[in-house]
Amino acid sequence: MDKGMDALEVVVRILGKAVPIVLVIYYFSGSTRFQPAMLMLATVLEAGALVGSIVDTNLFYCIISCARGQGFLPITSGKDYDYLVPVASQLYLALSWIVFSIVSLVVLAIRQGGLVPPQPTVPASPPRKQCAKEPPAYLQPPPTSPDTYNMFDPADLPPRLAEYANMVYSACEDLGNFFGFQDSSVRNQAEHLLILLSNNRRYMSAHILPTSAQPPSPIHALHAKVFSNYMKWCRAMGISPNFAKVSSAVSAPPAVASRVVDLVLFFCVWGEASNIRHMPECLWFLYHKMMEDYILSEGYTQTRSLYAGHFVDNVVCPIYDIVGKNMKSKSDHPDKRNYDDFNEFFWSRS
C-alpha cells in the first residue's frame with residue numbers, strides 16, 4: 001500500500017507541475033503538430049480536477065499541495081488545512097483525479113464523435129489568376145450596356161440639352177477617331193459641352209442682354225468666352241488663330257458647325273490633359289497644332305481612326321514625364337522647374 005501511495009504521489013506531482021509547464025511551453029512555441037492531442041489532454045485534466053474537486057473537496061487541496069511541492073496529503077492541522085476531512089483511504093483520493101479525468105475523456109469523446117477534435121473546414125480558396133498584365137483601361141472596350149452614362153441618358157436627353165446633341169455627338173465621334181481620344185473621356189466632354197451650351201442660353205434672354213447685344217446662338221456665346229484667351233495668345237505669338245472650316249461630319253450651318261468642332265476639340269484636349277491643365281498656354285499650343293492638322297486633313301478625317309488612348313500615350317504622357325521628372329527633382333529651387341517655367345516656353349516667341 002505504501003509503495004502504491006508513493007507511486008501515485010509521484011504521478012500526481014508530475015501532473016500537478018509538469019503538465020502546466022508543458023502546456024505553457026507548447027503555447028509559446030507556436031507548434032501545431034500535436035495541437036489536437038495537447039488540447040484534448042489539457043481539457044481532460046482540467047475537467048477531471050474540476051469534477052473531482054466538486055465531489056471531494058480534499059482533492060482540490062491535494063492538487064494545490066502537490067503544486068507547492070508539499071506532501072501528497074498534508075497533515076490535517078495548521079493554518080491552511082484545518083478544514084480537510086481525513087479520509088479512510090489515501091489510495092481512493094489519489095485515484096479520484098485519474099478516474100474523473102477518464103470520465104471526462106469518455107464524455108468528450110461521445111460528444112465530438114472521437115478522441116481527435118474535429119478540424120474546422122477551411123473554404124477552398126479560388127484559383128489564383130495568372131499575373132498577366134492587364135491592358136490599360138482606355139484600351140478595354142467600352143461598356144455595352146445602354147444604361148451606362150454619366151448624368152443624362154443620351155437616348156433621353158432633356159429638351160434643352162437635346163437641341164445641340166446631334167451636332168456635338170457627331171463632332172465627338174469624328175475628332176475622337178481622328179486624334180485617338182479615349183472613348184469614356186469623349187463621352188464625358190460631350191455631356192460637359194451640352195450642359196455649358198444649355199447654361200449659355202441665358203444670354204439669349206432680354207432680361208440678361210438687350211436684343212441688339214445678344215449673340216446669334218448659345219454656341220457663339222460659349223465659343224467667344226472659351227477662345228478669348230486663345231485669341232490673346234495668338235496675338236502675343238504673332239500667328240493667326242486656327243478654327244475649323246466647314247465640317248462634313250456635322251450637319252448644321254457652317255458658322256455653327258465650325259464652332260462646335262472648335263469647342264469639342266478643345267474640351268477633349270482639356271479632358272485628357274491631366275496636370276498639363278496647369279499650363280494653359282501649352283493647351284492652346286496643342287489645340288493650335290491639332291486644329292491645323294485637322295484642317296489640312298479636311299475631307300479625309302473620317303478615313304483615319306487611331307486607337308482610343310493614342311493621344312494620351314503619344315502627347316500627354318511624354319509632356320507629363322518631363323514635367324513630373326523636374327517637379328520631383330531634389331535640386332534647389334533655382335535649378336528646379338515647375339509648371340510656370342514650362343508654360344513660359346509656350347507663350348514666349350523665342
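Select tyrosine 230 and tryptophan 233: both sit in helix α9 (residues 228-237), three residues apart, or about one turn of the helix. Helices here are DSSP runs (H or I, at least four residues), numbered from the N terminus. This is a predicted model, where local features need pLDDT of at least 70, side-chain atom pairs count only at pLDDT 80 or more, and totals for chains, interfaces and linings use all residues. Residues are numbered from 1 along each chain as its sequence is written, and side-chain values use heavy atoms, with hydrogens and water left out.

Both tyrosine 230 and tryptophan 233 are buried (under 20% relative accessible area, 1.4 Å probe, protein chains only).

Next, select phenylalanine 266 and tryptophan 284. Their ring centres are 4.7 Å apart and their planes at 15°, so the pair is stacked (centres within 6.5 Å, planes under 30 degrees apart; for Trp, the six-membered ring is used). Phenylalanine 266 lies in α10 and tryptophan 284 in α11, so the pair ties together parts 18 residues apart in sequence. Phenylalanine 266 and tryptophan 284 are buried.

Now show α10 (residues 254-272) and α11 (residues 280-296) whole. They pack at an angle of about 130°, with axes 10 Å apart. Axes are lines fitted to C-alpha atoms over the stretch in contact, and angles run from 0 to 180 degrees between N-to-C directions. Which residues of α10 and α11 make the contact? Among them are Val261, Leu265 and Val269 of α10, and Leu283, Leu286 and Met290 of α11. Contact means heavy atoms within 4.5 Å.

Last stop: select Phe227, Tyr230, Trp233, Phe243, Phe266, Phe267, Trp284 and Tyr287. Ring pairs link these residues into a cluster.

Methods. Helix = DSSP H or I, 4+ residues; strand = E, 2+ residues; numbered from the N terminus. Buried < 20%, exposed > 50% of the residue type's maximum accessible area, 1.4 Å probe, protein only. Phe/Tyr/Trp six-rings, centres within 6.5 Å; stacked < 30°, edge-to-face > 60°.
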